[in-house]
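Hi,

Here is the structure for you to look over. My notes follow below it.

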Amino acid sequence: MLSAALSGTARKYLIAGLCAVLGAAGALAQSAGPVNVEITADKTIAPVSPQLYGLMTEEINHSYDGGLYAELVRNRNFKEDASQPVYWDLVQEGGASGSMALDSSMALNDAVPASLKLTVTSASGRGIVGVANEGFWGIPAKADTKYEATIYAKAEGFQGPLTVAIVNKDSGTVVATAEIPKIGSSWQKYEATLTTGKTIPSGANRLVISANRPGTIWLGFVSLFPPTYANRANGNREDLMQLLADMRPAFLRFPGGNYLEGNSAPTRFNWKTTIGDISQRPGHMDDAWRYWSSDGMGLLEFLEWCEDLHMQPVLAVYAG
């Protein structure tokens, strides 16, 4: 377009000049010999701060819940949907019958305003009624591994026992199981260890909590943890933490950007509600990415992450 705006003589000289430049460049390229690049790795030209290499983390695409954070149960305190117990399914086997529903009249605490009510109408022998949770796209189970279950529960007209099991959702095979002998009439914390045998590692499992006798059971909080990195209570997955440790980062910047600020003040990462007993953490809607955050990965857990990987914490602060 430039040459079209020039006179015929000027255009001719311009084209000739470009051809000369291109011809000279081509000749130079043909005459040039091979180029050698030499790197002297044992010679320091300038010092570099050891703090320049590190990690930045944020809750995007379930990188905490369902990712690095080791909790295997999804919607563990039944708050992700106020109208229905999402990610929980009713189990009725062997001719037994019952129902499940959210119950806002039987709250575990101020942070958990509704519980999951399981009504066993009829059950005996091998017949069971219960609830099942598939976690985050299936609950993974490995051979010869201990899984720690924590359940806050109460009952009425139910004598027990309550069975807690990891069950393969395709074959129905029980991978690991444990029993809670009796459930009291007031909220109590129950713990059970589920140990797998020589099972084939699989992610196609679900957690099933069931009863084989009539009665009513309320569940206020249900948690299941595999072994965690450095044996941290409420800790992180061993495999992913080891990958991060092998990177030898010097710092961790947390807890994110959009996740930290949210789309409004109520949906920000409010560090004050992310500390303390996990059964009393309300969690919040991560509306930056449109899914629920349990806040199990709270301020203390971030600092323990730094401690375990020998990193310096770099805390991002909510500024409105």
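What share of the 320 residues in the protein chain is buried? Buried residues make up 45%, where buried means under 20% relative accessible area with a 1.4 Å probe, protein chains only.

First, the ground rules. This is a predicted model: local features need pLDDT of at least 70, side-chain atom pairs count only at pLDDT 80 or more, and totals for chains, interfaces and linings use all residues. Residues are numbered from 1 along each chain as its sequence is written, and side-chain values use heavy atoms, with hydrogens and water left out.

**Overall form**

The protein chain has four helices and 15 strands. These are DSSP runs, numbered from the N terminus: helices are H or I with at least four residues, strands are E with at least two. The radius of gyration is 30 Å, well over the 20 Å from the globule rule for 320 residues, so the chain is more spread out than a compact globule. (The radius is taken over C-alpha atoms; the rule is 2.2 Å times the number of residues to the power 0.38.) Along its principal axes the C-alpha trace spans about 105 × 55 × 45 Å. Of the contacts (heavy atoms within 4.5 Å) with a separation of 6 or more, 74% join residues 24 or more positions apart.

**Largest pocket**

Its volume is about 490 Å³. Lining it are 25 residues, and Thr150, Phe225, Ala233, Asn234 and Ile278 are the closest to its centre. β6 (146-156), β9 (188-195), β11 (215-225) and α4 (299-308) each give two or more residues to the lining. β6 gives the most, with five.

On terms: the grid is 1 Å, over the protein atoms alone; a pocket is an open set of points with protein on both sides within 12 Å along at least five of seven lines; in a cavity a 1.4 Å probe fits but cannot get out; lining residues have an atom within 4 Å of a point. Points are joined across faces, edges and corners, and a volume is the space filled by probe spheres set on them.

**Cavities**

There are two cavities of 30 Å³ or more. The largest cavity holds about 100 Å³. Of its 13 lining residues, Asp65, Asn75, Glu80, Phe136 and Ser294 are the closest to the centre.

The second largest cavity has a volume of about 70 Å³. Its lining includes Tyr229, Asn234, Met241 and Trp305. α4 supplies the largest share of that lining, four residues.

Best wishes

Methods: Buried < 20%, exposed > 50% of the residue type's maximum accessible area, 1.4 Å probe, protein only.
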